[in-house]
Amino acid sequence: MRFVLLPLLCWLTLAAVAAPAKPDSLYRQLDEAIAHSADYVAVKERAIAALRRRLRDAGNDADRYVLSRQMYDEYMPYLNDSAVVWIQQCIVLAERVGRRQDAAECRALLALQCSNTGMFDEAQAVLGEIREADLDSVALGRYYEACRHVFGELAFYSRVEPMRQQYAEKRDHYARLMMATLPEGSDARFVERERQLLEGGRLKESMGVNDEWLRSVERGSHRYALTALYRYLEYKAVGDTVQMMCWIAESALADVRNAVMNQGSMWEIANQLMLQGDNDRAYRYVSFASDCAARFGSRVRYWQLSPLLTAIDRNYQAQNERTSRKLRLLLGVMSVLALLVVVSLFYVNRQRKKLADARDKLHLSNDRLSTLNAQLSQSNSQLSIINYQLSEASKVKEEYIGRFLRLCSLYIDKMDQMRKRMNKMLKNRDFEELARMARSVEMKDRELDELYGNFDTAFLHLFPHFVEDFNALLKPEERIELPEGGHLNTSIRIFALIRLGIDDSSKIAEFLHYSVNTIYNYRARVKNGALTDRENFEQRVREIGMPK
């Protein structure tokens, strides 16, 4: 009767501690965490980079030892090779500053790291370098922990029964020494207590130890992942599928969020999902675990993952076979349907030919209409251009007629002022000043400057972007920079007159008071700097400001 009630009592005790969430919710959280795993890795890398900077600034070996131990702690679940390098660095620094106990403790940690990744020979070789008699209680406890772990792993993976038994005895021997040496509350003590209780079938006591352990760790931490893994093992032992999947998912989630690459929980949840028939999710998780194992550098994980990948592959093959049978059945049904479709197609084809004839006639009509529309559109475009040119010509005419009338009035006033001035000079018999004034060209130059200034102002008012558009037609090194004040230079004025329709060099020379040869040289030099062919350069100048 006692044996009948024991599993029931254990199940009731376990059920008293609720899982953090339902499995489906945790799976979604885990999927999201895997999708953002690169972000968690980036956080880990930033923490490592900060430690590197502190280590670079450390002033003595004692400080470097402390920081190197922190670097090992960061790398220990993340990158095995780097963890080994840093714990070896700790050994060197500890021996250099005379901290022999710390050096021995680091050797024990190195052995632990080696055995965690399947390097059992290397782990035993490192442990062989440690003398128990030289160790204090802290270093001795760590040494016993490493020995227990090494021989425990060898006992688990050995397939030779006498050797497995021998390794198990050594594991138990060092476990007893470890339990008597390590302080209360250490993770290694909790792991060993739960292992012994689980193997002894004392699940209620094991859960009590796990409750105590859970209270001592921060939820979501790397230590929490290990604690949740053991709670999963307890629920698995009593066959509570829902609770065990909740806790293994919690463990895997904590590992992913802490950028842990040595992932045992992810392998375990993939295995359970595969057994429950969820092959797709199992494959995603085991693939992620495989990528993490490759990054971490653990042979042990590869040993665990290979059979699981094989099993998932077999499940996929069986699923494919079932799918193939269904497809063959559907193929028979589809063959019958295809026959019906052929008959329907024959009928539809006859109707389609009739519709095609009508559609061809409609296409002919549409093509003719499209041609007429294109011709009409072209005529409209040409008409728009002509209208714009007429409008522009009218605008130019109005602008220049107004300016011409104003200039005529100004020149009449100036001539009258000159007449009055000359009359005054004659009355005063100031013949020398009158002769000097007649010989001077200053007034002519001033009037020309005013004429050109008025021309520049009127032209830029009509074509405000002419200079930018004109430079766009030239090579970059040939483009013209105008002087300050907004006046055009000779080159721009020549082509401004061409834009206004005055392209005869003699007329341009007459307006600008240059020789015809000079005007020709200006035009040739500017056209030589054209961005495209120089033959059409002046035509493109005439099109500046016109609609495209």
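Start by selecting R69: its relative accessibility is 17%, so this residue counts as buried, the cut-off being under 20%. The model on screen is a predicted one. R69 sits in helix α4, which covers residues 61–75.

Next, select Y75 and Y78. Their ring centres are 6.2 Å apart and their planes meet at 25°, so the pair counts as stacked. Both Y75 and Y78 are buried. The structure holds 19 aromatic pairs. A pair of this kind is described by the distance of the centres and the angle of the planes.

For a group of rings, select Y452, F455, F459, F463, F466, F470, F495, F511 and F537. These residues form one aromatic cluster.

Now go to W247 and show R231 with it. R231 lies over the face of W247, and its distance from the ring centre is 4.9 Å.

Move on to A259, in the loop that runs between α13 (241–257) and α14 (264–275). Check the backbone here: phi of A259 is positive, about 55°, although the residue is not a glycine. Most residues other than glycine have a negative phi. Is A259 buried or exposed? With a relative accessible area of 2%, A259 is buried.

What is the make-up of the lining, in nonpolar, polar and charged residues? The lining of the largest cavity has 6 nonpolar residues, 2 polar ones and no charged ones.

The last stop is H513. Select the loop between α21 (505–512) and α22 (516–528), where H513 is found. Phi of H513 is near 60°, a positive value in a residue other than glycine. The relative accessible area of H513 is 46%, so the residue is partly exposed.

A259 has a positive phi of about 55° and is buried, whereas H513 has a positive phi near 60° and is partly exposed.

Technical notes. Residues are numbered from 1 along each chain as its sequence is written. This is a predicted model: local features need pLDDT of at least 70, side-chain atom pairs count only at pLDDT 80 or more; totals for chains, interfaces and linings use all residues. Side-chain values use heavy atoms; hydrogens and water are left out. Helices (H or I, at least four residues) and strands (E, at least two) are DSSP runs, numbered from the N terminus. Buried means under 20% relative accessible area, exposed over 50%, partly exposed in between (1.4 Å probe, protein chains only). Ala, Val, Leu, Ile, Met, Phe, Trp, Tyr, Cys and Pro count as nonpolar, Asp, Glu, Lys and Arg as charged, and the others, Gly among them, as polar. Rings of Phe, Tyr and Trp (its six-membered ring) pair if their centres lie within 6.5 Å; planes under 30 degrees apart count as stacked, over 60 as edge-to-face and the rest as tilted. A charge sits over a ring if NZ of Lys or CZ of Arg is within 6 Å of the ring centre and within 35 degrees of the ring normal.
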